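Here is a friendly briefing to read alongside the model. Let's walk through its sheets, cores, domains and aromatic pairs.

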Amino acid sequence: MAKELKLMKGNEAIAEAAIRSGCDGYFGYPITPQSEVMEYLMLEKPWERTGMVVLQAESEVSSINMVYGGAGAGKKVMTSSSSPGISLMQEGLTYLAGAELPCLVVNVVRGGPGLGTIQPSQADYFQATKGGGHGDYQLFVLAPASVQEMYDFVFDAWDIAFKYRNPVMILSDGAIGQVMEKLYVGDYVPRWTEEQIHENAPWAAFGKPATRDHNIITSLELDSAKEEIHNQKLQAKYREMERNEVRFEEINCEDAEYIFVAYGSSARIAQKAIQLGREKGIKVGLLRPITLFPFPTKRLGELSKQVKGMLSVEMSAGQMVTDVRLAAENRCKVEHYGRFGGMIPTPHEVLEAMETKIINA
Amino acid sequence: MTEEIIIAGFGGQGVLSMGKILAYSGAMQDKEVSWMPSYGPEMRGGTANVSVIISDERISSPIISQFDTAIILNQQSLDKFEHSVKPGGVLLYDPNGITKLPTRKDINIYKVAATEKSAEMGMVKTFNMMVLGAFLKVKPVVTEEYIEKGLKKSLPERHHKLIPDNLKAVEIGKEIVETIQTV
C-alpha cells in the first residue's frame, strides 16, 4: 500500500480517515475543540469524489438520529462532537446499541461538567464506558494517543462496528484533536456497493425482496421475555469483545517496579514522566489501554503481581482508576492523579505524584 | 537530538504559522515533529502560543512545560515564559514593545529586531520568517533546503510565488540576530 506523508491535526486526521475508509455519511454539529472535523470535510467536498454525504444537522440530537437512520440502512455512518454535544446524543446512543446498529461516534473531550471549558479533559470516561444512556449496553471504546491513531482507529472502528453490530466510540480529547503530527495515509477504500451492503449487513433495512421477511430495525420489544433474551444476546456479545478485542500498549514494563496507567494524551505525558523517572533511577513503566471497553483487566491483574504500585493518570477526578483497582484486586497499591476542568498535568508533576502517592507513601 | 520550542506573541504576528512552517520543515527532513497550539479564547485578540518539538526520536508528550528555546514576541509572553526555559537553554526575543528585559543569568539570550527591520524594508508580512531565520542561526535544527520544502508543503499552491520573499526574510533574520549573553 502506498503511504503518503502528511502533517495534520488529530481532528483533520479523523476527517481524512473517514473519506479514505469508505464512509458513506457524516452528520454533525460544530463545537470546539473538534470543529475541524466537519470544517475539513466541507473543504474536501468528498461528495464530489467518493459520494460521501457530509451534512451539518441543526443539533447533536438530530445528528445522532441521522446516524441511526443511515446505520439502519447498512451504511458506514458517523458523527463527531465534544462533551456537551455527546451528552445530547446519549438517547440516540442507547437506541443504536439496543437496535444493534454499527456506527462511529467521535468524542473530542473538553472540560466539564456543563458547558465547562474548551480545553482538553478526560472526564467523560464513565459516560463512554459505563453507559451514559439508559439500559444495559456497552459502546466499544477506542482511545487514540496520537494523530496517526486518530486516523487508523477510524478504519478499525468500521471493522469492529460491523463485526459486532455495535456503536464504536473514539474517545479522544482536545489535545489530541488539536495537535499536529506526522501522519501516514494509505490508499482509498471504496465505499460499499449495494451488493456489498447486502452481503456485509444482511440485517439492514435496504428494501425487502419477495424472497424474505421484513428486516426490522428497532430497540422496542413489548414482550419482556423476548427482551430478556435480547439482553442476554447483547451481554454475550460484550463478553466476546472482552475475549477477542482487548488492546493495550506497554512501555518499559519489563523491569518496572511502578507503572502509570494512562490513555490518550495523559499517556503521552506519562511517557515523558517515565523518561524523567528513569533518569532518576526509578524503574517506572506505562500500561496504556487502547480499548477502554473492553478494558485490559487481565493484563493489569498480571502486572499487579509484578509491581509495587500503579498510578492512574487521568485528566479527571479519578474515573478509570476504578477499573484499575478492580483489575489489581488489592494486590498492589493503586492511586489516582488528575487535573480537571481543562488543566493538563506536566510530566514533572505526574512523576512527583508517583513519588508522593505511591513510592514514598 | 530533541528540540522543544515555545513560540509566543500576539495573535496576528504569525506565531502559529511560523511554528507550522518549522514543523513541516522538520517533517520533510525526516524528523519527528509535533505542533501544539494554545487554542483557548485567548487567541482572539490576545496572546497566542504554540509548542513545537523537533526530534530524531519518537516524541513522548507534545504537551510540554519546559523549553530548550523560547521565541518571544511580546512582553506578556516574556513574563510568562522566561522562567520556563531550561537552564542552559535559549531565549530569543524581539525587542519591540519590551520594557522589562529578561533577567535570567543561566540561559543564552539573543535579540532579533525583526519588527523594526521588516517595517523598514517593507516586509511586514514575512516578519515571522525573519524571526525564524534568527532562531535557525542560533539553533540550526533544520537546514535551509528543508525550510524551502516545508514552505512548499505548508503553503497552498497559489501562494508559492511568495516563497522567495519568505526565504529572503529567513536570510535577513540570520544576519540581524544579536547575542545578548551566553552561558
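A:Thr79 stands opposite A:Val105 in β5(A). That position belongs to the pairing of strand β4 (residues 77–81) with strand β5 (residues 103–109) of chain A, which run parallel and are joined by four bridges. Strands count as paired if DSSP finds at least two bridges between them; helices (H or I, at least four residues) and strands (E, at least two) are DSSP runs, numbered from the N terminus.

This is a predicted model, in which local features need pLDDT of at least 70 and side-chain atom pairs count only at pLDDT 80 or more, while totals for chains, interfaces and linings use all residues. Residues are numbered from 1 along each chain as its sequence is written, chains are lettered from A and ligands numbered from 1 in the order in which they are written, and side-chain values use heavy atoms, with hydrogens and water left out.

**The seven-strand sheet**

- β4 and β5 of chain A belong to an open sheet of seven strands with mixed pairing, in the order β3-β2-β4-β5-β7-β6-β12.
- At its edges stand β3 (53–56) and β12 (291–293) of chain A, each with a single partner strand, so one side of each has no neighbour in the sheet.
- On average, neighbouring strands of this sheet are turned by 20° against each other, direction ignored.
- Helix α5 (residues 90–98) of chain A packs on the sheet, where it touches β5 and β7 (167–173) of chain A, and its direction makes about 140° with that of β7(A). Contact here means heavy atoms within 4.5 Å; axes are lines fitted to C-alpha atoms, for helices over the stretch in contact, and angles run from 0 to 180 degrees between N-to-C directions.

**The nine-strand sheet**

- Both chains contribute to an open sheet of nine strands with mixed pairing, ordered β1(A)-β8(A)-β2(B)-β3(B)-β1(B)-β4(B)-β5(B)-β6(B)-β7(B).
- The edges are β1 (4–9) of chain A and β7 of chain B; each has a single partner strand, so one side of each is left without a neighbour in the sheet.
- Neighbouring strands of this sheet are turned by 25° against each other on average, again ignoring direction.
- Six bridges pair β2 (residues 32–37) with β3 (residues 47–55) of chain B in the antiparallel sense, and B:Trp35 stands opposite B:Val52 in β3(B).
- Strands β5 (residues 85–93) and β6 (residues 108–111) of chain B pair in the parallel sense over four bridges, with B:Asn108 in β6(B) as the bridge partner of B:Val90.
- β6(B) is also joined by three bridges to β7 (residues 178–181) of chain B, and these two run antiparallel; here B:Lys111 stands opposite B:Glu178 in β7(B).

**Nonpolar cores and domains**

- In soluble globular proteins, nonpolar side chains tend to be buried together.
- The largest nonpolar core has 115 residues, and those touching the most other members include A:Met78, A:Leu96, A:Leu104 and A:Phe260. Such a core is a set of buried Ala, Val, Leu, Ile, Met, Phe, Trp, Tyr and Cys residues joined through side-chain atoms within 4.5 Å.
- The largest share of this core, eleven residues, comes from α7(A).
- At least three of its residues come from each of domain 1 (4–195) and domain 2 (250–359) of chain A; these domain bounds come from an automatic or database domain assignment.
- The C-alpha centres of the two domains of chain A lie 27 Å apart, and their contact takes 29 residues from domain 1 and 26 residues from domain 2.

**Aromatic pairs**

- Six aromatic pairs are found over all chains. Rings of Phe, Tyr and Trp (its six-membered ring) pair if their centres lie within 6.5 Å; planes under 30 degrees apart count as stacked, over 60 as edge-to-face and the rest as tilted.
- The ring centres of A:Tyr125 and A:Tyr263 are 5.9 Å apart with their planes at 40°, so this pair is tilted.
- A:Tyr125 lies in helix α6 (residues 125–129) and A:Tyr263 in the loop between β10 (258–261) and α11 (264–279) of chain A, so the pair ties together parts 138 residues apart in sequence.
- A:Tyr125 is buried, with a relative accessible area of 0%, and A:Tyr263 is buried at 2%; buried means under 20% relative accessible area, exposed over 50%, partly exposed in between (1.4 Å probe, protein chains only).
- A:Phe162 and A:Trp192 make an edge-to-face pair, 4.7 Å centre to centre with 75° between the planes.
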